[in-house]
Structure formats: structure tokens, C-alpha cells
Amino acid sequence: MSEVIKRTALAQLEEQLAANACCLLLGPRQVGKTSLALRYGESCVGRFVYLDLEQEKDRSAIADFDAFAQQSMGRLAILDEAQCAPEIFPALRAWLDRGAKEAQAPVQWLLLGSATAELEGLANQHLGPRIGKINLAPFQAPELYFHYAEQTSPLTSTAALAIAEEQSVQPTVDIYAIQQTLWLRGGYPMSYLAGSPAQSVEWRTAYLDSLFGAQPIAHAHIVRQELLGELWRQLSHRQGEPCRRDQLAGQLGCKAAELNELLKFLERSQLIRVVQPWSGNELKRLEQPGRIFIRDSGLLHTEWRFLEMGELLDDGSRIKGKSWEGFVLEALMRAAPSGTRPFFYKNANAQEIDIVLEFNPRRRWAIEIKVSDEAGVEPGFHRACEEVKPEVRFQINGGRESRIQRVEGGIEALCLAEAIEKLRARAS
């Protein structure tokens, strides 16, 4: 695992800490939060102190919080596993308030930890609007496209690859191959950068066991946490399907309120994404069941035991299409402007739109997802668009390159890379 991927969150972290005396770095376990924090401390600040508050000796160092803060003047204080020392949050709030009153911020605070839901809960309770927040997700397609584009001249199409072969030029990067590897393995660094497919699956299996296995990581304030593993398996086999919570609670043998708490925990831990149905009436959006996606495709594929790309592409079940839809959804949300909300749409006649990206209540895009590289959309997509009234509609297919011609109804059939560029252009 020698390759180092430059995280785009590094620039976001610099911006947040320039604007706020304290910043929260959130994200699921093993996504690279500690590595990013240390890299920022070493390359962007120079003077920093790092404490792992899961360790007793480091908790002792911060027992007298004011003394520690005074010693850290002019430096970045990185507090890892901050949720393990909840007593520091009131003291940090008082310190931040004093700094704001005196119009100075002598210490920059960066808080992170592996228990995202617990850490964010403590920060919301004690620190409120005093802090900035960054969500570090696993690698997503836009981040890898950007990383390799900075280093090389990526080749994205079969035509470009053919020209390179004719001229005996060795292409340095095949973006499509990178995309497919990312889709299969998911974006957790230790999985994506593993030396072999088997090593990638081995890491993901161990990771899921640590979360939901026989002796899972303890999750504070979670009732019925022993059900998390079975809930995860149920969600993996219902990828992208409407979640009828009363039925699911019955299958798990728990109360609806307990199921809602478990789902909320998985959502706040950034392991699942709940996509609500689109409606022009905000209240009606809450009346229909949302669709739940496992956010990382690699973790989803681990449950389905896909080892090689061929196994995934040859899969005849609907999981292949739903896996691709979830993968595309996460890529689009990474590239979308801040505040963009994803929805799906399905009317009473079963005419539907896979993804509705809403930038604001008056502007939205409608996107059809197709795992194959064959252009073509169902007539119901266009009829649904007449009701949703998007300003832009197009298809994203699973092929190497976009179709030059337009498919039925006058919409483009784009590969994922070009769809992301289209979205980035909208964001800028």
C-alpha cells in the first residue's frame, strides 16, 4: 500500500481552521482521519501537539485543561478519540468563548475520533455553532479523478487508449479501470489500496467484524446494539429499496423506536444514506418510506462475496444495478455544490427517476442510472420528468465513455467521469 492519495479534504481543513478556532473532523472508522490530521499538522502548520485520548497518559496530559491550553498557545492541538474525554467539552467551550471575547484564537483545535456519532453528539451539545465541521468520506470517484489528473494526463476513452497503443506510448492512468476498482473494493484506503483483491476482501471482512461481529465495538447510548449486525445484513440485501420500517422491525424482533435508533446511528456514522422521495410538498416527503443505501460499495460487495470485477459484472441479480446506483449517488454528492439534496421519484403509475438532485426548491436535475453501457431510458422516466420539472435531465451509464448521440427524448448518455464534470461545472 505504497501509493498516497492526496485528499481534497486537506484544503477544506485549512479553510475551516482559518475561519474557526476549532474544527471537528468527522467520518467513519478507518477512513484516514488521523492520517489527514497529522499530515495537516506537519505540512500546513508545523507547530502542533497530538494527543490520543483513548490513552490514559494522554488523558492525564489534558486533565488540567486550562494549563494544557496555555502550553499550546500558537500551536494546533489535535485531540484524537476526543469522545473518550467528554469532560473536556465544557472546558473547551469556555476557552473558545474567552478567545472570541478577546478577539484572539491563540490555539487551533482539531477534534476527531472513530466514534463519529458520539463525537458529533458531544460537539453539538457543548460547542454548538462555535466550530467548523468536515466530513471525511472514503475515497470517491471525483477525488481519485482529481488526484490522478494532477499527476498525469489521464486517458478516459477507448479512442485515446487506441491512439496511445498505435504510438507505442504507455498510458499512465486509465481512469475507467480506476473507477471499476473503486466500485468493486470501495473507498476505504486499506481496502482500495490493498495489494490484491483477496487482501482487500480480507480487510473489509475484518472491518465489518469489528463493527458488527461477535464482539463488536461498544457503541455508547445505543439500545439493542446486538442487532446491528443482522440489521446490516438485511440492509445489504435490500440495497436501494424502500425501507418499510414496521416490517423490518418485526423481522429483527425489536420495537419500531429501537429500529429507528439503530438506523439513525448507522446514518450518523456515515455507513448508510437514506434517500427520501421527492415531492414539491415538503411534508409529503416524510409520508413515504425512504430508500436506504450502504454508502461504501466495497462493504456492500463483501456481504455479497464479490471478489473479482468479473463476478460483480456477471451477477444476474438486481444487486449489480443497485450497487452501481449507490456508487454513482455517492460520487455525485461528493461533486455537488454544498446544500444539494438527493431524492428519488416514483409516482402512482410506477414511473420513476432514479436520482433527483435538488440544488434549491426551484432548481433540480433528473438522472437515470444504467449499469450497462447501452443508451436508452424507459418512457416512464420522461413522464416522471414532466411532473418533477427538472432543468436538466440525462443518463449515467456504466461504460467507459459517453455516447455522442442522444438517447430517447433528447437526453445525453454520459459516463460517470463526464457526468461529474457536468456537475462540477454547475457548481462553479
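Author: Before we start, two strands are said to pair if DSSP finds at least two bridges between them, and helices (H or I, at least four residues) and strands (E, at least two) are DSSP runs, numbered from the N terminus. This is a predicted model, in which local features need pLDDT of at least 70 and side-chain atom pairs count only at pLDDT 80 or more, while totals for chains, interfaces and linings use all residues. Residues are numbered from 1 along each chain as its sequence is written, and side-chain values use heavy atoms, with hydrogens and water left out.

Reader: Okay, in what sense do strand 11 and strand 13 pair, and over how many bridges?
Author: Strand 11 (residues 392-396) and strand 13 (residues 411-414) pair in the parallel sense over three bridges. Within that pairing, F394 has E412 in strand 13 as its bridge partner.

Reader: And which residue of strand 11 stands opposite I369?
Author: That is I396, and strand 10 pairs with strand 11 in the parallel sense over five bridges.

Reader: Staying with strand 10, why does I367 count as buried?
Author: I367, which is placed in strand 10 (residues 363-369), counts as buried because its relative accessibility is 0%; buried means under 20% relative accessible area, with a 1.4 Å probe and protein chains only.

Reader: What is I367 in contact with, leaving aside its neighbours within four places in sequence?
Author: Taking contact as heavy atoms within 4.5 Å, I367 touches L332, I353, D354, I355, L357, F381, F394 and I396.

Reader: Switching topic, how many residues of helix 15 are buried?
Author: Seven of the eight residues in helix 15 (residues 297-304) are buried, namely S297, G298, L299, L300, H301, T302 and E303. These buried residues pack against several elements, including helix 9 (175-185), strand 7 (291-294) and helix 17 (319-335).

Reader: What is found at the start of helix 15, and what follows the helix?
Author: At its start, a side-chain oxygen of D296 comes to within 3.1 Å of the backbone nitrogen of G298, and after helix 15 comes R305, whose phi is positive, near 60°.

Reader: Last one, in what order do the strands of the five-strand open sheet run?
Author: The order is 2-3-4-1-5, with parallel pairing, and the edge strands, each pairing on one side only, are strand 2 (48-52) and strand 5 (132-135). Strand 1 (residues 22-26) pairs with strand 5 over four bridges in the parallel sense, and the bridge partner of L25 in strand 5 is I134.

Note on methods: Buried < 20%, exposed > 50% of the residue type's maximum accessible area, 1.4 Å probe, protein only. Polar contact = N/O pair within 3.5 Å; in protein donor to acceptor, adjacent residues only side chain to side chain.
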